[in-house]
Every structure is written in structure tokens, then in C-alpha cells.
Amino acid sequence: MSDKKQQVSRRQFLNYTLTGVGGFMAAGMLAPMLRMAVDPVLKESGQGDMANVGLSVDDITTEPQKVDWKITQVDGWYESEVNRSAWVFKDENGDIQAFSPVCKHLGCVVSWGGSDEYPEQFFCPCHDGRYYKDGTNVPGTPPLQPLDVYELEVRDGILFLGDAVPREGA
């Protein structure tokens, strides 16, 4: 190297300083925007979580029974308790079935045996919608789709339900 020291002029010093300060300011403005764009991708989804509905598998019969439970729902920074319901029973094969009580026609609530004329069907009182016990809609009635089915899991003899999933077919 040479013995000669290289001097930084005032103009170069100001240029370097302003470029550095401008870079920090730009980074300070862009960092929140970048985080806002990337954060939802990295955040763990709460969907698919199973909730204990407080029902023992031994208590489930072939007769549909309405089960109510609460889940914690987080919307941004607001956390709330949300009520959920399902019709739960064992089918002819002994498999547990859990149907959403929401009618697929207009979103009213269906009930088991809610009609004197059709005691062995799910009945929607809003527009006389009907569903067979397996959750499929009765042809010629307003609902055009079968009842949604809850994801279910049995842990230590207790029923856990997840999200309601739409089914295909009529």
C-alpha cells in the first residue's frame, strides 16, 4: 500500500452520510409493509383444530342428538367465544356421524323429527326442507345439497369435532 493517506472531501462525506440516512429511512418505511405482506403467510392457521364437545362415545346412540359446544375464535386482536352445534349419532354400521344443523337452502336450523309428518327425518321449518337420516336432501324439497359433515376424531373415548365440510351429491 502507499504511504499516502486518502482524504475524504466534505462533498464525499455528506454524500455517504445522506445515502446512509436515506437508506435507514427507506428501510424503516418498507419493513412494516413487508411484514404486513409476509406475516399472514407465516402465521399458523387455526383451521382444522379439533374441539372437545364433552360427549363420550358410549353416550352416542342411533338416535340423533344435538350437541352444543364453544370454541375460541380470534379475529385480528379480538378474541370471542363462538357457539357451535351438531347432530351426532351412530349409523347402521356403528360409525359416528356428525352433521351441521344449518340447512343448505337458506341457512335456517334443522331439527331431527321436527315435523309430525316426517318424524324420522331432519326438518327445516323455514321452507319445509327435509333431509334423510344420512344427511342427504330429500328430492323435491327446497335444499339442493346434503347437510355438511363435521370432521370428527375420537380420543380416549371422547368425541372431538373440527370444521364442517360440504358434501357432494343430492
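Cys103 is buried, with a relative accessibility of 4%, where buried denotes under 20% relative accessible area, exposed over 50%, and partly exposed the range in between (1.4 Å probe, protein chains only). The model is a predicted one, in which local features need pLDDT of at least 70 and side-chain atom pairs count only at pLDDT 80 or more, while totals for chains, interfaces and linings use all residues. Residues are numbered from 1 along each chain as its sequence is written, and side-chain values use heavy atoms, with hydrogens and water left out.

Cys124 is likewise buried, at 3% relative accessibility. Cys124 takes part in no disulfide, its nearest cysteine sulfur being that of Cys103 at 3.8 Å; a disulfide is defined as a pair of cysteine sulfur atoms within 2.5 Å.

By this rule there is one disulfide, and it joins Cys108 to Cys126 with an S to S distance of 1.9 Å. The link of Cys108 and Cys126 is left-handed, with -110° about the S-S bond. Cys108 is buried at 18% relative accessibility, whereas Cys126 is partly exposed at 37%.

At the level of the chain, the domain assignment, whose bounds come from an automatic or database source, gives domain 1 (3-42) and domain 2 (51-165). Their C-alpha centres lie 58 Å apart. UniProt, in an unreviewed entry, places a transmembrane region at residues 12-34; such positions follow the numbering used here, feature names are shortened, and annotations may be inferred rather than shown by experiment. Over residues 12-34 the chain is 100% helix and 0% strand, with the end C-alpha atoms 32 Å apart; helices (H or I, at least four residues) and strands (E, at least two) are DSSP runs, numbered from the N terminus.
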